[in-house]
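Subject: Structure handover

Hello,

Here is the structure I promised to pass on. Please open it first, then read the notes below.

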Amino acid sequence: MIALKDIHFRYKKNKPLFENLNLTLEPCFIYGLLGKNGAGKSSLLKHISGLLYPDSGQCTVFGFDAPARKPAMLEDIYMIPEEFNLPAISLSNYVKTNGVFYSKFSFNQLQAYLAEFELDENAKLSTLSYGQKKKFLIAFGLATNARLLILDEPTNGLDIPSKSQFRKIMAASLDEEKIIIVSTHQVRDLENLIDNVVVLEKGHIVFNRNMGEISEKLAFEYNLAGVPAEEILYAEDMHGRKAGIVKNIAGHDARVDLELLFNGIVKNAAGINEHFANYKYEY
Ligand SMILES: Nc1ncnc2c1ncn2[C@@H]1O[C@H](COP(=O)(O)OP(=O)(O)OP(=O)(O)O)[C@@H](O)[C@H]1O
């Protein structure tokens with residue numbers, strides 16, 4: 001489990017970014033971390049991986065104090081940042097040098113992922129395109145068998161077939177011990193992948209819900225004509241019509257449109273959260 005308790009944090013000379021931030025992330029779930037530019041997503045991920053220290057409060061990862069960055073914790077965390085530099089060595093040399101830091105590293109799994117992504121392990125990392133490098137890091141990260149995988153904009157640079165491969169591989173890699181956090185602006189890439197949606201706004205968690213409860217309580221409509229105003233939680237113009245989020249009064253399991261959901265939360269988090277008041281989702 002990951003637990004952030006009463007986190008306060010500010011970058012030097014800036015106004016506070018996190019004030020009393022609380023968040024718990026449980027194994028066996030894939031979390032989608034969403035938020036506008038500058039909302040604090042990367043800073044939050046850096047706290048979890050022990051790269052930033054809170055001014056006060058506590059961040060624990062699988063029981064370890066994250067800022068202490070104990071080797072036993074680090075071998076259970078793999079983070080793929082949005083921007084990275086890879087050395088001019090072959091994939092196999094990179095694996096030899098870096099795989100040793102992860103006691104559960106599996107060469108067999110790595111080979112299977114590389115084959116799936118059509119990557120040649122004898123190629124030099126410097127000769128790969130950005131998307132190929134990203135796929136290599138995803139394959140390497142999965143092969144570490146770290147219990148926590150943090151992916152910052154993982155689908156940036158991936159072509160369309162690779163995006164669906166990515167979703168398939170991620171979903172298949174989840175087990176009862178693993179926590180996967182995917183932070184992205186490409187919300188459509190998360191559809192059919194994530195179990196929970198966490199939205200950050202100016203350093204505050206303004207929404208944190210399971211996809212099951214979202215689809216039970218909310219419905220996503222592409223033509224709001226005729227929908228009573230009191231049932232509409234959020235509306236926007238889409239192809240000359242009004243689309244939006246409505247109360248799922250009939251209680252049918254609705255397909256969650258993550259883009260509409262995100263837009264709705266940005267505009268009306270209070271109204272949407274209020275609709276969940278006194279509601280208890282049965283897992
Ligand atoms: N090293 C830094 N020094 C000072 N301020 C910083 C630093 N890094 C981030 N910030 C500020 O902290 C806030 C949160 O930034 P952060 O990078 O965590 O946001 P983000 O949600 O990941 O944004 P994006 O979606 O654009 O990547 C922003 O206001 C940013 O300007």
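**What I found**

The end C-alpha atoms of residues 2-227 lie 41 Å apart. That span is 29% helix and 27% strand. Please keep in mind that this is a predicted model. The UniProt annotation for residues 2-227 reads "domain: ABC transporter", and the entry is unreviewed.

**Two domains**

The protein splits into domain 1 (2-202) and domain 2 (209-275). Their C-alpha centres are 29 Å apart. Where they meet, twelve residues of domain 1 are in contact with eleven residues of domain 2. On the domain 1 side, strand β9 (residues 196-201) gives the most, with four residues.

K202 is in the loop between β9 and β10 (204-210). Its phi is positive, about 45 degrees, although K202 is not a glycine. Most residues other than glycine have a negative phi. K202 counts as partly exposed because 13 other C-beta atoms lie within 10 Å.

How many of the five residues of strand β8 (residues 179-183) are buried? Five of the five are, so the strand is largely enclosed by the rest of the structure. I179, I181 and S183 point one way from β8. I180 and V182 point the other way.

β8 pairs with strand β3 (residues 29-35) in the parallel sense, over five bridges. Within that pairing, G32 has V182 of β8 as its bridge partner. Strand β7 (residues 148-152) also pairs with β8 in the parallel sense, over five bridges. Here D152 has S183 of β8 as its bridge partner.

C28 is in the loop between β2 (18-25) and β3. Is C28 buried or exposed? C28 counts as exposed, because it has 12 C-beta neighbours inside 10 Å. Phi of C28 is near 75 degrees, a positive value in a residue other than glycine.

**Helix α1**

Look next at helix α1 (residues 41-48). Its buried residues are K41, L44, L45, H47 and I48. Why are they on the same side of α1? They sit on the same side because they cover an arc of only 155 degrees around the axis. Just after α1 comes G50, with a positive phi of about 75 degrees.

**The loop at N122**

N122 is in the loop between α4 (107-116) and α5 (130-143). Which residues does N122 touch, leaving aside those up to four places away in sequence? The answer is S90 and S92. N122 and S92 are 30 residues apart along the chain, yet their C-alpha atoms are separated by 6.3 Å. N122 still counts as exposed, because it has 9 C-beta neighbours inside 10 Å.

**The three-stranded sheet**

Now go to the sheet built from β11, β12 and β13. This is an open sheet of three strands, in the order β11-β13-β12, and the pairing is antiparallel. β11 (218-221) and β12 (232-238) are the edge strands, and each pairs on one side only. From one strand to the next, the twist averages 15 degrees.

β11 pairs with strand β13 (residues 241-247) in the antiparallel sense, over four bridges. A219 stands opposite V246 in β13. E221 stands opposite G244 in β13.

Is β11 covered on one face or on both faces? Both faces are covered. L218 and F220 are on one side, with A219 and E221 on the other, and all are buried.

Helix α8 (residues 258-275) lies across β11, β12 and β13. α8 runs at about 165 degrees to β12.

**Where to start**

Best wishes

Note on methods
Residues numbered from 1 in each chain as written. Predicted model: local features only at pLDDT ≥ 70, side-chain atom pairs only at ≥ 80, totals over all residues. UniProt positions renumbered as here; feature names shortened; annotations may be inferred. Helix = DSSP H or I, 4+ residues; strand = E, 2+ residues; numbered from the N terminus. Pairing = 2+ DSSP bridges. Axes fitted to C-alpha atoms, helices over the stretch in contact; angles between N-to-C directions. Contact = placed C-beta atoms within 7 Å. Buried ≥ 20, exposed ≤ 12 C-beta atoms within 10 Å, placed from the backbone. Arc of directions from axis to C-beta. Domains from an automatic or database assignment.
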